[in-house]
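Let me put the chain up on the screen, and then I'll walk you through it.

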Amino acid sequence: MLGARLREAGWGYGFALVPFAVFGIFFVYPFGYAVYISFFHWGILGKQAGAAGTYNYSKVLHDHIFHIALRNIAEYTIAVVPLEMALGLGLALLINQKIRGRNFFRSGFYFPSIASSVAITVIALYFLSPTGPFNTFFGFSTDWFGDANTVGWSIVGLNAWTTSGTVMIFYLAGLQAIPEDVYEAAALDGARGWRTFWKITFPLLRPTHFFCLVVFGIGALKLFDQSYIVSGGTGGPNYATTTPILYIYRQAFGSYDFGVAAAAGVIFLGVILVLTVGQWFTLGRQEAG
């Protein structure tokens, strides 16, 4: 009997060991290695003479380009996350109704979320170019992705559209988890339309609100591919598309200063952790309570 239990436990630990090993090899080890090389002058050929200590961290923290990158990503996150959540909630409310072709619309709204972001960005660059279909149809001549004043909002709109389908799925699950008895009781009390949504649906979706805020907030902070494609990897125009991840990429594969890139990555990880913990103590604890 004891041997059978040990054998069963062994199989369980064996199956659990595989994902733990993958996580350790591809996540824990690279992070530890990045922290290690952040304290050295580390070039393309490896460690260079002399220990850098905290020099790389000081260089990143005093680099005005890194400050611009932090400001850009903060403005982008504050703009795109509420827009994603509003669009996703609106779409979820729409397809949660008993309408004809509901499955078709559900798939159609979700499709941009699984399409290649590179392909979508390239198509958007064509449509929003100065001579593209959008400007031609409306009579504009704006270079939406080439002007520092409009490129940020263009990326916000692009990503809000492509991500809203995923947000929709989470909100749809939250909507379907709300008991029908609640709405029936509200209807008996005379609640209708907007009042029902604002007083019943929206508050009962608080767990979904918090989940989307954390998950898609972290996703927004990691913006890279659109800013890279739009700027050609330069972060322009006038550093308007420079993000922390693009800054790290340029330090590592542009200047080949892997020590500075690793230090920037560790600093930015700290920023994400502080924001996530702050969200937990301000919103998550209320939800848990």
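Predicted model: local features only at pLDDT ≥ 70, side-chain atom pairs only at ≥ 80, totals over all residues.

**A walk through the chain**

So, let's begin with Asn96 and its contacts, where contact means heavy atoms within 4.5 Å. Leaving out residues up to four places away in sequence, Asn96 touches Arg102, Leu172, Leu175 and Gln176. Asn96 sits in the loop between helix 3 (64–95) and helix 4 (102–114). When I say helix or strand, I mean DSSP runs numbered from the N terminus: H or I with at least four residues for helices, E with at least two for strands. Asn96 and Leu172 are 76 residues apart along the chain, yet their C-alpha atoms are separated by 6.8 Å. And at 27% relative accessibility, Asn96 counts as partly exposed. The cut-offs there: buried is under 20% relative accessible area, exposed is over 50%, and partly exposed is in between, with a 1.4 Å probe and protein chains only.

Residues are numbered from 1 along each chain as its sequence is written, and side-chain values use heavy atoms, with hydrogens and water left out.

Now the overall picture. We have 13 helices and two strands in the protein chain. The radius of gyration is 24 Å, well over the 19 Å that the globule rule gives for 289 residues, so the chain is more spread out than a compact globule. That radius is taken over C-alpha atoms, and the rule is 2.2 Å times the number of residues to the power 0.38. Along its principal axes, the C-alpha trace spans about 80 × 75 × 35 Å. Of the 289 residues, 34% are buried. If you take contacts between residues at least 6 apart in sequence, 64% of them join residues at least 24 apart.

For a sense of distance, look at Gly12, in helix 1 (residues 2–37). Gly12 and Ile95 are 83 residues apart in sequence and 41 Å apart in space, C-alpha to C-alpha. Gly12 is partly exposed, with a relative accessible area of 40%.

Okay, what's inside? Which residues touch the most other members of the largest nonpolar core? They are Tyr76, Val80, Phe145, Ile155 and Tyr171, in a core of 34 residues. The elements giving two or more residues to this core are helix 3, helix 5 (117–127), helix 7 (151–176), helix 10 (206–221) and helix 13 (258–288). Helix 7 gives the largest share, 10 residues. Apart from this core lies another one, of 11 residues, among them Tyr57, Val260, Ala261 and Ile267. A nonpolar core here is a set of buried Ala, Val, Leu, Ile, Met, Phe, Trp, Tyr and Cys residues joined through side-chain atoms within 4.5 Å.

Let me zoom in on Ile155. Not counting residues up to four places away in sequence, Ile155 touches Tyr76, Phe145, Leu223, Gln226, Ser227, Val230 and Thr241. Then there's Ser154, which is in helix 7. Ser154 counts as buried, at 11% relative accessibility.

Over in helix 13 we find Thr276. Setting aside neighbours within four places in sequence, Thr276 is in contact with Val214 and Ile218. Its C-alpha is 8.9 Å from that of Gly217, and Thr276 and Gly217 are 59 residues apart in sequence. Thr276 is partly exposed, at 25% relative accessibility.

Most residues other than glycine have a negative phi, and most peptide bonds are trans. Where is the cis peptide bond I want to show you? From Gly236 to Pro237, with omega near 0 degrees. Pro237 lies in the loop between helix 11 (225–231) and helix 12 (244–253). Tyr239 lies in the loop between helix 11 and helix 12 too, and its phi is near 65 degrees, a positive value in a residue other than glycine. Tyr239 is partly exposed, at 33% relative accessibility. Then Tyr256, in the loop between helix 12 and helix 13, has a positive phi of about 55 degrees although it is not a glycine. Tyr256 is partly exposed as well, with a relative accessible area of 41%.
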